[in-house]
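Welcome, and thanks for taking a look with us. Please open the view below and keep it at hand while you read.

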Amino acid sequence: MLYGLKIATRYLTANKGQTALLVTGVAVGVFIFIFMSALIGGLAEFILARTVGDLSHITIEAETEDPALLVASEGHVLAVTERGRTRDATLAEAATWLPLIETVAGVKAVSPEITGAGFLTRGAQVAQVSVVGVEAGRESAILDLASYMVEGEERVGSGVIVLGRDLADDLALSIGQALHLESSKGITANLTLGGIFETGNGSMDSARAFVSLSTARTLFSMPQGVTQIEIKLDDLNAADATALRIQSLTGLNAVPWTDDAEQLMEALDAQAQTGYFLKAFALITIVIGVASALLLSTYRRRPEIGIMRAMGAGRGFVVFVFVTQGALIGLLGGIMGAGLGYLALLPFPTREAFRPGTLPLDITQGSYGLAITLTVIAAILASILPARSAARVDPVTAIGQ
Amino acid sequence: MTTLLEVRDLFKTYGAGDTATRVLRGLSLHLEEGELAALLGPSGSGKSTLLTILGTLMKPTSGSYTMLGQDMIAANDAELTEFRNAHIGFVFQFHNLLPDFTALENVVFPSAVRAGRETPAARARGRDLLKRMGLADRIDYPTANLSGGQKQRVAVARALMNSPELVLADEPTGNLDRASATQVMELLSEINREEGTTFLISTHDEKIAAACQRQIVVVDGNVTG
Ligand SMILES: Nc1ncnc2c1ncn2[C@@H]1O[C@H](COP(=O)(O)OP(=O)(O)OP(=O)(O)O)[C@@H](O)[C@H]1O
Ligand SMILES: [Mg+2]
C-alpha cells in the first residue's frame, strides 16, 4: 500500500497550513498527557520519598511463639500466655538468612536489628528512648543516617551512642560526653556520644538512640539472633512482590511497608485515577480534533474520491488513504508533543532533588512512548469514521456530471 | 467484428412516486470492438445516464448488460471496480484531474492504484501518452497550472493508461474552444485507428459527431442509429 501512503502524504502536504495546525493541536494534547504523567508520577514519587523513603520497605519480625499448651486431666486445654506489649520474640537464626535475603533481586540493603526501650541518664536528667541496635557499617542502610548528621559521625562502635538533635539538646549533651543507658531489662551500659543527627522527624529526633548491635545484645540480654530484619529495596513499589518472594524463600514473616500504609496507598490511588481521567480527556480531544478535520477533508475531496473510485480505486484503498492520514497526523503530533513535553520538563529538578514548594515533575515518568502509541491509536480510531464516509462516496453524484 | 458490449431493455428511473423521472425506457444497444461512436440527443434525454450505466458506476433499474462476455448487472462493487480499472476509461466534461498531483501522476493513477505503486513501466507509458497528447513539456507540471485544453488531454491520457477496450467520454470537448476541441477529437480518432480502442462520445457538437463513424441518438428513452 505504498501508493496509498503516497496519496495520503500528498493530501497532507497539499494543505500545509491546515495540517500544521492539526498536528499542533494533537501535539498540545500529547503535551498535556505527558505533563500529567510526569506530574502524577513525580507527585507520587515525592510523597513516597517523604513518607516512606526513610522507612524499612520490608520488615521481618519474629512471630510470637504459639502459647504453650497444658492438657488438663478432664480433656480441657489450657494455654499459657504472658500479657504484655513488649515483643520479646527473636529471630534466632537471622544470621543464616541474611546472605540469602541479600541475593534477592531488588534488595538494596539488609539490616539486622535489635530494638527495645530504655532510659538515658546524664546526671540527674532522664529521658526515655527507643533503642535501635544496628551493625556497625550498616547505620545508613535503612534510614540514611549519614546524610542527617549534624555533629560527630554516625558510626556506632562499641560503647558509642548516636542521638537525635532534640534529645541531645534536652540533655545538654555534646560529642564525647559519657552517659548511662538502662534497658527495659534493667541492664545498664556506659556509652559515649559519638554523633548527633537531625532528620526533621520529631519523634525520631527526640527519642531515637542508635547503638551497635553488640551493645544492644548486652542491653537486652540477647546473646543470639535479632528482633527484626529491615530491608531496603531499589524500588519501593516492588515491596509487596519482594516480600512475598522473601517469605516463600525463608519462611519468615516478611511484611511490606504497604501493609501499614493503606490510607497513603488510597490517596496515591485516587491521585493516579485523577491522572488517568485527565489523560483520557487529552486523548478524547485528540480524537475529536482529528475526526472533525478529516471529516471536513473527506467532504472537500468528494469529487476526487469519486474520480478515484471511477478509475478503479476500491473502497479499501479510499479507507486506507484516510486512515493513513489520521495515523500520520497522530504520529507527527505525538512525536512533536513528546519532544515539547520533554523539553518543557528539562528545567525541573530531577526526582532525587525534589524540594517542597516546587512542582515535583518527574521527567523520567513522562510516558513518552505510551503517549505516542496511544495518540497514533486514537488518531487511527478517529479517522475510521471519516474514512468510511469517504469510501461510501458515490462516484456518480460526486463527479456531478 | 466482435461484440464488445450489449445492453437490452434498459430502464432507468430516478426517484419514485410523483417525482419519478423515467429516463431510459427499454433501451437496447450494442457496440462492436473498435467502433468510434457519437452519442447524440437533446439535453436531458439521458446520454450521461446511459454512459454512467455503461461505465458500471450505476446500475439500471432493470435490463441486462454484458461486456466482454461478463454480466455487469450481477457483479458486485469490488468486481466492478476491478473491471472498470482494467477495461474502461473515462473522460468527463470537466477534466476531473486530482489537483494535488502532477500531469504524469494523474495519468499513472489507474495503473498505480492496482499495482500498489507507480512502476517504472507505468511511468514510461504515462510519459509516452502525454507526449502523444502533445504535452511533452508538461509532464511534471502540477495540474493546477495547466490550461483547460491541456487538462482535458491529460484526462484522455489517463483514460488510456491501462489500455482499456472501451473509453466513455461525456462531452469531452464541451468546455473547450474550437481549436482545442478539434485537437482532442483528432487524438481520440487517432487512438481509435491505431489501437482499436472503442469510443462512445456524447456530444452536442455537430462537427465532433460528424468525425465519428457511427451516430447513436437517444430519443424518448431509447436509441436510434
Ligand atoms: N440523480 C438524478 N436524480 C434525479 N434525476 C436525475 C438524476 N440525474 C439525472 N436526472 C434526470 O435524468 C434526465 C437525464 O439526465 P442526463 O444527465 O442523463 O441527460 P443528458 O442527456 O446527459 O443531458 P445533457 O445533454 O444536458 O448533459 C434529466 O431529466 C435529469 O434531470
Ligand atoms: Mg450529460
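How much of the chain is helix and how much is strand over residues 317-345 of chain A, and how far apart are the end C-alpha atoms? This model is predicted, and in it that stretch of chain A is 100% helix and 0% strand, with its end C-alpha atoms 41 Å apart.

## Annotated segments of chain A

Residues 317-345 of chain A also carry a label from a record: the unreviewed UniProt entry annotates "transmembrane region" there, and likewise for residues 20-44, 276-296 and 365-385 of chain A.

Take residues 365-385 of chain A next. Here the chain is 86% helix and 0% strand, and 33 Å lie between the end C-alpha atoms.

## Overall form of chain A

Let's step back to the whole chain. Chain A contains 13 helices and twelve strands. Its radius of gyration is 33 Å, whereas the globule rule gives 21 Å for 401 residues; the value is well over the rule, so chain A is more spread out than a compact globule. Along the principal axes, the C-alpha atoms of chain A fill a box of roughly 110 × 65 × 30 Å.

The domain assignment divides chain A into domain 1 (2-51 + 264-400) and domain 2 (58-65 + 87-259). Taken over C-alpha atoms, the centres of domain 1 of chain A and domain 2 of chain A are 52 Å apart.

## Overall form of chain B

Now for the partner chain. Chain B has seven helices and ten strands. With a radius of gyration of 17 Å, close to the 17 Å from the globule rule for 225 residues, chain B is as compact as a globular protein of that length. The C-alpha trace of chain B spans about 50 × 40 × 40 Å along its principal axes.

Which residues are around ligand 1? They are Y14(B), V23(B), P42(B), S43(B), G44(B), S45(B), G46(B), K47(B), S48(B), T49(B), E171(B) and H204(B). By type, this shell divides into three nonpolar, seven polar and two charged residues. Helix α1 (residues 47-54) of chain B supplies the largest share of the shell, three residues.

Some of these neighbours can be followed down to single atoms. A polar side-chain atom of K47(B) lies 2.7 Å from an oxygen atom of ligand 1. From the backbone, a polar atom of G44(B) is 2.9 Å from an oxygen atom of ligand 1, and a polar backbone atom of S45(B) is 3.4 Å from a ligand 1 oxygen atom. Ligand 1 taken alone exposes 630 Å², of which the protein buries 61%.

Key: Residues are numbered from 1 along each chain as its sequence is written. Chains are lettered from A and ligands numbered from 1 in the order in which they are written. This is a predicted model: local features need pLDDT of at least 70, side-chain atom pairs count only at pLDDT 80 or more; totals for chains, interfaces and linings use all residues. Side-chain values use heavy atoms; hydrogens and water are left out. UniProt positions are given in the numbering used here, feature names are shortened, and annotations may be inferred rather than shown by experiment. Helices (H or I, at least four residues) and strands (E, at least two) are DSSP runs, numbered from the N terminus. A residue is near a molecule or strand if one of its heavy atoms lies within 4 Å of it. A polar contact is a pair of N or O atoms within 3.5 Å; within protein, one must be able to donate a hydrogen and the other to accept it, and residues adjacent in sequence count only if both atoms are side-chain atoms. Accessible areas come from the Shrake-Rupley method with a 1.4 Å probe; for residues, only the protein chains shown count as cover. Ala, Val, Leu, Ile, Met, Phe, Trp, Tyr, Cys and Pro count as nonpolar, Asp, Glu, Lys and Arg as charged, and the others, Gly among them, as polar. Domain bounds come from an automatic or database domain assignment. The radius of gyration is taken over C-alpha atoms; the globule rule is 2.2 Å times the number of residues to the power 0.38.
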